[in-house]
Amino acid sequence: MIPERTPSELVIRGAHVLDPSSGLDGIMDVRISSGKISEIGEDLRGTREIDADGLHLFPGFVDVHAHWRTPGREDEETIETGSAAAAAGGFTGVVMMPNTDPIVDRPVVVDGLVRRVERESRVRARVSAALHVGLAGERLTEMRLLKEAGAFCVSDDGLGTASAGVLRNGMLYARSAGLPVILHCEDHTLATGVVHDGVAASLAGLPGSPASAEDTATATALILAAETGARVHITHVSTALSAALVGFFKERADVTSDTTPHHLTLTDELVSTLEGLYRVNPPLRPDGDRGGVEAALRDGVLDFVATDHAPHAQEEKELPMEEAAPGFLGHETAFAALYTDLVLGARLPLARLVEAMSCAPGRWVGEGGTLGVGAPADLTLVDLSEAWVVDRGTMVSRSSNSPYAGRTLTGRIMSTIVGGEPVHDRTGAKFGVRA
Amino acid sequence: MEARSFLSLEKTSREELREVLDLAAAFANGSLTDALAHKTICLAFFEASTRTAVSFELAARRSGAHVISLSERGSAISKGESLIDTVVTLDSLGADAIVLRHPAAGAALLASRHTSAPVINAGDGCGQHPTQALLDLYALADALGGFEELAGRRVAIVGDVLHSRVARSVIPAFVSSGLEVALVAPRTLLPPESEAWELPMLSSVDEAVGWGADVLYMLRLQKERMTGARIPSVAEYARYYGVARRHLHDGLLVMHPGPVNRGIEISGDVVLDPSSLIPDQVAAGVCVRSAVLALSTGAIQRAAA
């Protein structure tokens, strides 16, 4: 559903353009022609104009970690609602994780999803296939046939790989198939609890999973990445030690990494609420880890942010912590949560946030994340002054399990444009589009 | 007369290869009958083998040698006698050459240190299988019109290089002969330091044909051992690493050391296609092994050294 209609021209006038990838930082006009950025300068005029005075214009955000629950759990999210939620959060590109029902481990499933994405997604959605059949960490998937069917990468996300030997072969084969591997690093012999194994868990009487569950698996993955030469992306890094390990291997392996908005802004203090809503995997960590991850993102040790957008039905979240499904909505609140806590808190420069949400993940997927002339016109217009309340009743996602529900965040996505066409637009409330 | 073990083709010169092949040609045209008269050749096979064992036995008998054959069944090997003790026993019995097949790499080298008789490596684990590579060269040179015709031709070696003793002999022998060699395999079936061979790495038979391969040398896939762990499925393997009719073009030759998994490395309709050298490879085994036996036992003196 990415609009492919008559190539049209659009000029966005007067926005503060901020794009670290091309060094743009100032008020200027952007001309879009035939779905691409064709000119950036002053006093540009066009047949269609958006007056973006007072707004910021960034390259569209790219989220390499999303669960759109399709096929199988369309009651929680569909390609339509997931992509609408992404667009509402300023995302123009997304990678869909394969832990659906059926699991995306066969070429025919990839082929079907790719066709549906073309029809149903508002944003550029890429399909991650499974690394192992059934995500079981045993038999390799037919990665080359999966790639031919349209898979963009492989991942057993949601699960760690139990055997290092199996993971090593998976990396080797993925390298031959020319597919990047996204790894959820978790040792399930250590991760036997439901929250971080810290003070909050002890006081609450909840079974904890220690940080070592992530750290040992991350170390294993990094060592194997260095040895195999595979292109490996470590997703949702949530501990200070794992971030440091990634830093150690950055020059020694073809490795990138991300962390999530919630691991950057929330801590395991929320465990004391005992509310199932706040269960997530990897679990929210103590503030020391949160700070370590934040520093690693600031310094570029962690390359970018991904949301791990994980919709869940209400009946799976309104449960005791031990019974609740782990996962948070991510798309719609990612930018505002990070802007509010980190940028306004003077802990992260705005330019670095844009780099981490747009440029770096755009480079990783090989498309978007830049406002350079000739690039696809994937961009997002943001009002950095607007404060808004996260309301579970008005989420664009089909689910409502946002950990920020009820909070007031600053920074509102006003318009999201994919290939030159608006896929999310609330500018009408403030100003008109002149035809 | 100098006896000389025949263990590996790793550092064999073009001249040495050529000498063996020339001698094999002489055996093939019948001008060297009885070259091994009064020699005793012992075949010690610690691992099952059909074509190699039969081929060595024929090679020895046709040239007039006595043959003693020990297999893993029905001999002291099955009683757990060690490799070294078996070799020492055969030496004491007066063997002029010991032909050894063993499941562990390095077995032939170890055996050669414990006997004065020459040891001929008939395949040691994932190590070496030198007579296979020689018969491959013989069959290929024959098909192309002579040893000189090998230089500059392109051979793609396709499949499980990691577990292949054939590959470890074929690669150096082909390179020494002037052939240009490329490897075609997923990284799960390549040794970790396969870059050490300094050969081009290709990712499918299609790519090999595009590279200009004159010969597709297909290795056997041990599918029981591989599926799931190192390759995802036979279907995907056959799609990218199998030769099919669509790959065949005029002048392209297909080789395989056998036994073939029909429909996996080679589609069923290609195995016996005129482009297939597989029957020629098997046929070349006898004269090539006669030549190796003759040189090893010193029955015929080597010129090059």
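## A first look at chains A and B

The centres of domain 1 and domain 2 of chain B, taken over C-alpha atoms, are 26 Å apart. This is a predicted model, in which local features need pLDDT of at least 70 and side-chain atom pairs count only at pLDDT 80 or more, while totals for chains, interfaces and linings use all residues. Residues are numbered from 1 along each chain as its sequence is written, and chains are lettered from A and ligands numbered from 1 in the order in which they are written.

**The two domains of chain B**

- Domain 1 covers 14-128 + 284-297 and domain 2 covers 131-282, with bounds that come from an automatic or database domain assignment.
- Between them, 19 residues of domain 1 of chain B are in contact with 21 residues of domain 2 of chain B (contact: C-beta atoms, placed from the backbone, within 7 Å).
- On the domain 1 side, the largest share, 6 residues, comes from H1(B).

**Where chain A meets chain B**

- Each chain brings 13 residues to the contact.
- Helix H3 (143-149) and helix H4 (164-177) of chain A each supply at least two residues of the side of chain A that touches chain B (helices are DSSP runs of H or I, at least four residues, and strands are runs of E, at least two, numbered from the N terminus).
- H4(A) gives the largest share of that side, 5 residues.

**Nonpolar cores**

- The largest nonpolar core has 220 residues, and those with the most contacts inside it include Val181(A) and Val99(B) (a core is a set of buried Ala, Val, Leu, Ile, Met, Phe, Trp, Tyr and Cys residues joined through C-beta atoms within 7 Å).
- Helix H10 (residues 278-297) of chain B gives the most to this core, with 10 residues.

**A hairpin in chain A**

- Strand E2 (residues 24-33) and strand E3 (residues 36-41) of chain A pair in the antiparallel sense over 5 bridges (strands pair if DSSP finds at least two bridges between them).
- Arg31(A) has Glu39(A) as its bridge partner in E3(A).
- The hairpin has 2 residues between the strands, and Ser34(A) takes a positive phi near 50°.

**A look at Gly368(A)**

- Gly368(A) sits in the loop between helix H12 (350-365) and strand E16 (379-389) of chain A.
- Gly368(A) is buried because 27 other C-beta atoms lie within 10 Å (buried: 20 or more; exposed: 12 or fewer; partly exposed: in between; C-beta atoms are placed from the backbone).

Definitions and conventions:
Contact = placed C-beta atoms within 7 Å.
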